[in-house]
Amino acid sequence: MTAMEFLMLTKGPLFQAALAVFALGLLARLVEIFALGRAHNYAAPRGNAALGGLRTMYKRFEPDPGTFKAAPFDVVVGMIWHVGFIVALLLFIPHVELIKSTFGIAWPALPNPVVDAVTAITLLGLLAALVHRLAHPVKRFLSTTEDYLIWSVTFLVMLTGWLAYHRMINPYPLALGLHILAAEIFLVVLPFTKLTHIFTAFVARYYNGAIYGRKGVQS
Amino acid sequence: MATATPQRPQGQSMPTPQPTLGESLRRNGVSRRGFLKLCAATASLMALPPSMAPAIAAALESARRPSVIWLSFQECTGCTESLTRSFSPTVENLILDTISLDYHHTLQAAAGDAAEHAREEAMHANAGQYLVVVDGSLPGPRANPGYSTIAGISNYDMLMETVADAAAVIAVGSCAAFGGLPKADPNPSGAVAVQDLVKDKPVINVSGCPPLPMVITGVLAQYLTFGKLPELDEYNRPLAFFGQSIHDRCYRRPFYDKGLFAETFDDEGAKKGWCLYRLGCKGPMTYNACATMKWNGGVSWPVEAGAPCLGCSEPDFWDAGGFYDALSVPPGNSGDMLLAAGAAGVAVGAGAGLLARSKTKSAAKQHQTVTAAELEQKL
């Protein structure tokens, strides 16, 4: 197979297949959660549930002081590479063009060198997170195969993208094909692993916040 | 990478005495100075040190005109146009004048039987030494040969017969090199590329739609000079011309690096000459020499004229997505598929959720209570 055939395979049939698995899997997971329903609360509400839910969705972005004291590395490095991942994913011009063509929506993007720098920082952050996970006895004990799997697919998609941008793999169709393939693996793995937290984290935050909001207390 | 090394006719007597390239150039009014300039340009094109120019000059001076048979199959004549319509007198023209082009549909005076005789004569007279240049794809061995015939001979038969005694084959243009437009989906004529059929001779692909005139003359010059064919890339293209991507040599590259893009063909960015990536430029994946050698005698090239690179020197570029879609955009429409998969996901999720609910309900229904007295009785 030539590099161009590989690129067309990843851009064409494999992309369609990955997108289908992603859409099917993610919606199945989310709708199942919503369809489960919640037990009816007979107590009179003391506050606004929706407002509390939305507030908590945002508030959880702020690191909890207790957690920060207990694990500053996890909070700082985790925050850095999560933000970096989202910036590279959503604000890189080729990605915006892809999203525009697939979903019909677009937004402004960042200049390429900014995304490049953010990606480099993200890669370093991910490496640091892995080293910390392996070096820290408790974290290492708690880590499962799935944890290493999702680290790998996340790291690979960033790494191949960065290598393709810097044209460090030749010929370029091979570099781009590898990056697209890595992204497809990420998409396929996402709905069936902890990566689902990209979407369910906000559902959980809303749910927790809504419970406390209804009770009229902070969360 | 591969380096093909067929032997050129060195010092062998030709069937008819042919002038050397040097003699021919002088007869065409090319000065010694002009000739050396050509040699220096050839040296730099082939990424050789300038000190090689005299060696090239010496070799070219004494080179006999090699016999070239040019076969045109499923093509648009654009490749021939590209070669012959270059500004005259150029080095390209001169080199073309100094090869012995024994058979070429468009350029030969002979027609009908006489033309075919010329081909056969050239083949017999120069057996094992002539070059075959092919432009256009051809219906494969299993396709209906009726899609393209010349003088009642199918393209496939003519190619195989002509190539049998050739020194090497040069596939000119993306159709001959990769199948090109005829091979594009759905490929009604069963078109294939030359390299799909010719396995026992060196095949050099000079892709492009059309290819740069200087690239084919460069390949011929190298063959004349060194008696061997150039170093090739993974697609059997001469590395000297196809070694770098359009993107890497593009004069608009700084705008890509700065993140300055034209969004439409007539916005401020387009007027300021910013990068054409978002307008569909395939420069990043396209390997060709347009950005450095330019077209029309070095006047301009598509990107300089404000048109995104179509990627015409790459295999299957017709099917590689919309010409005006960014490189990251997948070909085809994934909207319907996404909706269908999403709907299926919603159905599966709703089903799983409702199943869990009904299980919970039935469990609650079947829940049996027991009192302490009843338990005591059982004991």
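Biologist: What lies across S8 and S10 of chain B, and how is its direction described?
Modeller: Helix H11 (residues 213-226) of chain B lies across them, running at about 155° to S10(B). Angles of this sort run from 0 to 180 degrees between N-to-C directions, with axes as lines fitted to C-alpha atoms, for helices over the stretch in contact. The names come from DSSP runs, numbered from the N terminus: helices are H or I with at least four residues, strands are E with at least two.

Biologist: Before we go on, what kind of model is this?
Modeller: A predicted model: local features need pLDDT of at least 70 and side-chain atom pairs count only at pLDDT 80 or more, while totals for chains, interfaces and linings use all residues. Residues are numbered from 1 along each chain as its sequence is written, and chains are lettered from A and ligands numbered from 1 in the order in which they are written.

Biologist: How do you know that S8(B) and S10(B) are joined?
Modeller: Two strands pair if DSSP finds at least two bridges between them. S8(B) and S10(B) have four, and they run parallel, so they meet that condition. One pairing is that of Val169(B), whose bridge partner in S10(B) is Val203(B). Likewise, five bridges join S2 (residues 67-72) of chain B to S4 (residues 131-135) of chain B, also running parallel. There, Trp70(B) has Val133(B) in S4(B) as its bridge partner. Helix H7 (residues 155-163) of chain B packs on the sheet, touching S2, S4 and S8 (168-172) of chain B, and its direction makes about 165° with that of S2(B).

Biologist: What is the order of the strands in the open sheet of chain B?
Modeller: The order is S3-S2-S4-S8-S10, five strands with parallel pairing. S3 (100-104) and S10 (203-206) of chain B have a single partner strand each, so they stand at the edges with one side lacking a neighbour in the sheet. From one strand to the next, the twist averages 20°.

Biologist: Why are both faces of S10(B) called covered?
Modeller: A residue is buried if 20 or more other C-beta atoms lie within 10 Å of its own, exposed if 12 or fewer, and partly exposed in between, with C-beta atoms placed from the backbone. Val203(B) and Asn205(B) on one side are buried, as are Ile204(B) and Val206(B) on the other.

Biologist: Why are H1(A) and H10(A) called roughly parallel?
Modeller: The axes of H1 (residues 3-11) and H10 (residues 172-189) of chain A cross at roughly 25° and come within 8 Å. Angles under 35 degrees count as roughly parallel, over 145 as roughly antiparallel, 65 to 115 as roughly perpendicular and the rest as oblique, so this pair is roughly parallel.

Biologist: What makes residues nonpolar, polar or charged in this contact?
Modeller: Ala, Val, Leu, Ile, Met, Phe, Trp, Tyr, Cys and Pro count as nonpolar, Asp, Glu, Lys and Arg as charged, and the others, Gly among them, as polar. Residues of H1(A), including Phe6(A), Thr10(A) and Lys11(A), meet residues of H10(A), including Gly177(A), Ile180(A) and Glu184(A). The contact divides into nine nonpolar, two polar and two charged residues.

Biologist: How many residues bring chain A and chain B into contact?
Modeller: 40 residues of chain A are in contact with 42 residues of chain B. H2(A) gives the most to the chain A side, with 16 residues. That side divides into 26 nonpolar, nine polar and five charged.

Definitions and conventions:
Two residues are in contact if their C-beta atoms, placed from the backbone, lie within 7 Å.
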